[in-house]
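The questions below work through one structure, taking secondary structure, accessibility and side-chain contacts in turn.

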Amino acid sequence: MVVPTMTPYPILFNQTLESLRRIGARGGRAHARNWRLRERTTPGRLALTSAEPALETAAEAIARLDAQFPWLRNAERRRSRR
């Protein structure tokens, strides 16, 4: 029985190195084309990453929750472990 030797490149259905290179290049171009299309058509992508100030600070949110739920007042503070 003859054992096939390993080739330096993976054999994909007995294709040549040139055809494997072409397949890889085609996939890379398709990936880049789809990425550019997705970047152009996604609405509000820049709006999500802009540095707009928050409408409410953490301290204001805690104060509002403390007023709304008095039994939870100071719940954000850690208890000491004695």
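Buried means under 20% relative accessible area, exposed means over 50%, and partly exposed covers what lies in between. The model discussed here is predicted.

Q: Is arginine 22 buried, partly exposed or exposed?
A: Arginine 22 is found in helix H1, which spans residues 17-41. Its relative accessible area is 42%, and because a residue is called buried under 20% and exposed over 50%, arginine 22 counts as partly exposed.

Q: What pattern does the protein chain follow along the sequence?
A: The protein chain holds 3 helices and 0 strands. Read along the sequence, these elements give the pattern α-α-α.

Q: What percentage of the residues in the protein chain is buried?
A: The protein chain exposes about 8400 Å², of which carbon and sulfur atoms supply 60%. Taking buried to mean under 20% relative accessible area, the buried share of the 82 residues is 5%.

Q: How far apart are the closest N and O atoms of arginine 21 and glutamate 18?
A: Side chains of opposite charge can pair when their charged atoms come close. Arginine 21 and glutamate 18 both lie in helix H1, 3 residues apart, which is about one turn of the helix. Arginine 21 is partly exposed at 48% relative accessibility, and glutamate 18 is likewise partly exposed at 39%. The two residues form a salt bridge in which the closest N and O atoms are apart by 3.0 Å.

Q: What is the angle between the planes of phenylalanine 69 and tryptophan 71?
A: The count of aromatic pairs comes to 1, and in this pair phenylalanine 69 and tryptophan 71 lie 5.5 Å centre to centre. Phenylalanine 69 is partly exposed, with a relative accessible area of 27%, whereas tryptophan 71 is exposed, with 65%. Planes over 60 degrees apart count as edge-to-face, and the pair is described in that way because the angle between its planes is 75°.

Technical notes. Residues are numbered from 1 along each chain as its sequence is written. This is a predicted model: local features need pLDDT of at least 70, side-chain atom pairs count only at pLDDT 80 or more; totals for chains, interfaces and linings use all residues. Side-chain values use heavy atoms; hydrogens and water are left out. Helices (H or I, at least four residues) and strands (E, at least two) are DSSP runs, numbered from the N terminus. Buried means under 20% relative accessible area, exposed over 50%, partly exposed in between (1.4 Å probe, protein chains only). Accessible areas come from the Shrake-Rupley method with a 1.4 Å probe; for residues, only the protein chains shown count as cover. Rings of Phe, Tyr and Trp (its six-membered ring) pair if their centres lie within 6.5 Å; planes under 30 degrees apart count as stacked, over 60 as edge-to-face and the rest as tilted. A salt bridge is a side-chain nitrogen of Lys or Arg within 4 Å of a carboxyl oxygen of Asp or Glu.
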